[in-house]
Amino acid sequence: MARGDILQSIYNYSENDLKEYMISIGEKPFRSSQIMEWLYRHKISSFDEMSNISKKFIEKLKEDFSLDLLECVTHQKSADGTQKFLFKLKDGNLIESVLMNNEYGYSICVTSEVGCNMGCVFCASGMKKKLRNLLTSEMVLQILTVEKLTNLKITHIVVMGIGEPFDNYDNVLNFFNIVNNPKGLEIGARHITVSTCGLVPKIKEYADFPLQVNLAISLHAPTTLIRDQIMPINKAYPLDTLIDAIKYYIDKTNRRVTIEYILLKGINDTLECAKALADLLHGLNVYVNLIPYNEVIEKPYRRSSKEDMVNFFDYLKKRRINVQLRREQGSDIDAACGQLRSKHMK
Ligand code: SAH
């Protein structure tokens with residue numbers, strides 16, 4: 001095993017963690033902000049590049065930490081400019097990240113777990129059970145590695161890759177602290193979105209998180225009966241408890257919540273469903289993202305017809321629900337929502 005494989009990655013450390021480390025080794029706490037700048041502004045690939053740090057201290061950092069990036073196994077580019085990266089982790093597990101070029105900047109779709117336990121019936125990512133949580137560093141490094149490989153500055157983050165971020169809550173929140181740090185990547189909290197399939201206790205806990213990171217909920221059904229059929233999480237936290245948690249979050253934070261709703265042919269795309277959805281969301285400070293379903297070869301589900309999608313959209317508009325019909329990106333390289341797969345090789 002290479003030495004870098006057994007060392008702790010320095011990218012697991014928030015500025016506060018680095019401060020504590022400094023104190024524990026008798027260094028000045030302010031060194032933590034210098035280190036943040038070296039890591040995230042200058043993107044050093046060796047500790048030796050840190051010109052304002054003593055040689056002795058650099059040797060200590062080398063003994064304690066690894067600076068390794070993720071190993072990129074494949075890098076694909078879609079005709080629409082979307083890019084997909086397959087990364088190999090130190091333990092051999094493979095994960096994917098997707099880079100999208102939007103008019104407002106570059107956004108990255110970050111993976112939060114190896115596999116996923118949520119089992120949503122329509123999603124390719126959940127076909128492999130979760131093997132483990134990603135470390136904070138493995139999420140931070142998806143961004144740093146993509147920025148280094150492409151020479152681009154990422155301005156927006158969505159935690160919508162493989163995995164359920166609220167099932168890896170502490171590491172994901174620590175990741176937000178690191179990427180948001182003004183001495184680091186400085187990605188504004190309002191430019192970050194985390195999506196959950198509805199882990200009710202975590203949604204409530206998240207209302208107290210100080211950073212204003214956007215929250216999206218994968219709702220996908222207007223009644224508990226339909227949701228039960230397509231999202232097993234609804235058995236643990238039924239729709240009414242989820243709506244209560246969303247209300248609680250909005251009351252506590254005064255922030256608007258995004259509702260994701262995939263249109264699945266014959267399952268949740270009728271006008272009756274649109275009506276039930278409008279009734280459910282009436283009066284809530286939410287924004288509905290209607291998502292055309294991306295078909296997955298192993299799954300029997302189909303995309304709704306254009307006409308049904310437009311009728312659904314028009315009905316919600318008429319009921320004065322804030323709604324958009326999302327354009328898709330990257331489907332020609334299997335990089336669109338729900339098409340990312342967990343590929344394990346151990
Ligand atoms: N586990 C979290 C994060 C994943 S986000 C969550 O469920 O929110 C990925 C989004 O893509 C989710 O809203 C998911 O439901 C949606 N999705 C899954 N499969 C899809 C597919 N085949 N086509 C379109 N969207 C899909």
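Asn151 counts as exposed, because its relative accessibility is 71%. Keep in mind that this is a predicted model. Where does Asn151 lie? Asn151 is in the loop between H5 and strand E9, which covers 154-159. Its phi is near 65°. That is a positive value, in a residue other than glycine. Why point that out? Most residues other than glycine have a negative phi.

Now a second residue of this kind. Lys43 has a phi near 50°, again positive and again not a glycine. Lys43 sits in the loop between H3 and H4. What does Lys43 touch, not counting residues up to four places away in sequence? The list is Trp38, Leu144, Glu147 and Lys148. Next, take Lys43 and Thr145. They are 102 residues apart in sequence. In space, C-alpha to C-alpha, they are 9.9 Å apart.

Step back one element. Lys43 follows helix H3. H3 runs over residues 31-41, and nine of its 11 residues are buried. So H3 is largely enclosed by the rest of the structure. Which residues of H3 are buried? Here they are: Arg31, Ser32, Ser33, Gln34, Ile35, Met36, Trp38, Leu39 and Tyr40.

On to a helix pair. Two packed helices are described by the angle between their axes and the distance between the axes. Our pair is H11, residues 271-281, and H12, residues 306-318. Their axes come within 9 Å. They cross at roughly 30°. Are H11 and H12 roughly parallel or roughly antiparallel? Angles under 35 degrees count as roughly parallel, so H11 and H12 are roughly parallel to each other. The crossing of H11 past H12 is right-handed. Who makes the contact? From H11 come Leu271, Cys273, Ala274, Lys275, Leu277 and Ala278. From H12 come Asn311, Phe312, Tyr315 and Leu316. Sort the residues of this contact by type, and you get eight nonpolar, one polar and one charged.

Last topic: cysteines. A disulfide is a covalent bond between the sulfur atoms of two cysteines. How many disulfides are there here? The count is zero. Cys120 is in no disulfide, and its nearest cysteine sulfur belongs to Cys197, 5.3 Å away. Is Cys120 buried or exposed? Cys120 is buried, with a relative accessible area of 12%. Cys197 is buried too, with a relative accessible area of 4%.

One more cysteine. Cys109 lies in strand E6, residues 105-109. Its relative accessibility is 8%, so Cys109 counts as buried. What is Cys109 in contact with, leaving aside neighbours within four places in sequence? Among its contacts are Ser97, Val98, Met100 and Gln142. Val158, Met160 and Gly161 are also in contact with Cys109. Finally, compare Cys109 with Lys84. They are 25 residues apart in sequence. Their C-alpha atoms are 9.5 Å apart in space.

Note on methods. Residues numbered from 1 in each chain as written. Predicted model: local features only at pLDDT ≥ 70, side-chain atom pairs only at ≥ 80, totals over all residues. Heavy atoms only, no water. Disulfide = S-S within 2.5 Å. Buried < 20%, exposed > 50% of the residue type's maximum accessible area, 1.4 Å probe, protein only. Axes fitted to C-alpha atoms, helices over the stretch in contact; angles between N-to-C directions. Helix = DSSP H or I, 4+ residues; strand = E, 2+ residues; numbered from the N terminus. Parallel < 35°, antiparallel > 145°, perpendicular 65-115°, else oblique. Left-handed = near helix turned anticlockwise from the far one by under 90°. Contact = heavy atoms within 4.5 Å. Nonpolar A, V, L, I, M, F, W, Y, C, P; charged D, E, K, R; others polar.
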